[in-house]
Every structure is written in C-alpha cells, then in structure tokens.
Amino acid sequence: KLTITYTLPKPKEKLPARTQALWQTFIDGIDRHEKVHGELIRTLVRNIEAATVGMTVDGDPKCVKIKDELKQRLTTIFQAHQQANRDFDKAEMSAGGNIQRLILELVNG
C-alpha cells in the first residue's frame, strides 16, 4: 500500500477577492506539479514490484547473490526515477517554465 501526502501552503487569513483568484490559480498549478511527482513515485513503486516480486537466484542458499542482484536492480530503477524527477523539474522550473509563470502571475497579477 502506498500513501502519498501533499502538503501545500495556505493563506493565514482571508485574501481580497483579486488576490484570492491569483492565489488559487497559483496553488492549483503547484498542486498539478506535485501530482506529477506523485505519479512518478507510483511508477517507481510499480517498477520495483515488477523487478523484485518473485525474484530468485539459483544456487544461493545464503542469499548473497540475490542481495547483490536486488541491489543492482533497485539502484538502476531508482536512478531512472531520480532522472525523471530532475528532468521534470528542470523543464518546470526553467526560465519561462510553468513554475516561473505561476510565480510571476501570482506576484504581478
């Protein structure tokens, strides 16, 4: 079972209507961004399950070979996950990217 919790900031007080509308657009965009990271985590878990459930290594009564094989598989899967996260954030946070646009729209109206 996988539980992902998203914690996003909320205004401390009621905002003026115009500011509230800008804030809502901003926080909705941040929420969508974070949900992509959540989907990347779900993919990571599915990939780990696919690579490890039922895994066996013949001739390994002390489970030495299987530990090495498991470590290698998990390292490869996790490195791919990290790269996908980096690629997504690079695109989202680059100049002209979605996050920059959301911030500028919030600040500049």
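Tryptophan 23 and phenylalanine 26 are three residues apart in helix H1, so about one helical turn separates them. Helices here are DSSP runs (H or I, at least four residues), numbered from the N terminus. This is a predicted model: local features need pLDDT of at least 70, and side-chain atom pairs count only at pLDDT 80 or more. Residues are numbered from 1 along each chain, and side-chain values use heavy atoms.

A search of the whole structure finds one aromatic pair (ring centres within 6.5 Å, using the six-membered ring of Trp).

| Item | Distance | Angle |
|---|---|---|
| H1 and H3 | 9 Å, between axes | about 165 degrees |

H1 covers residues 17-52, and H3 covers residues 98-108. The two helices, H1 and H3, are therefore roughly antiparallel (angle over 145 degrees). Among the residues making their contact (heavy atoms within 4.5 Å) are Trp23, Phe26 and His33 of H1, with Ile99 and Leu102 of H3.

Histidine 33 also sits in H1. At 4% relative accessibility, histidine 33 counts as buried. Histidine 33 touches Phe88, Asp89, Glu92, Met93 and Ile99, leaving aside residues up to four places away in sequence.

Terms used:
Buried means under 20% relative accessible area, exposed over 50%, partly exposed in between (1.4 Å probe, protein chains only). Axes are lines fitted to C-alpha atoms, for helices over the stretch in contact, and angles run from 0 to 180 degrees between N-to-C directions. Angles under 35 degrees count as roughly parallel, over 145 as roughly antiparallel, 65 to 115 as roughly perpendicular and the rest as oblique. Rings of Phe, Tyr and Trp (its six-membered ring) pair if their centres lie within 6.5 Å; planes under 30 degrees apart count as stacked, over 60 as edge-to-face and the rest as tilted.
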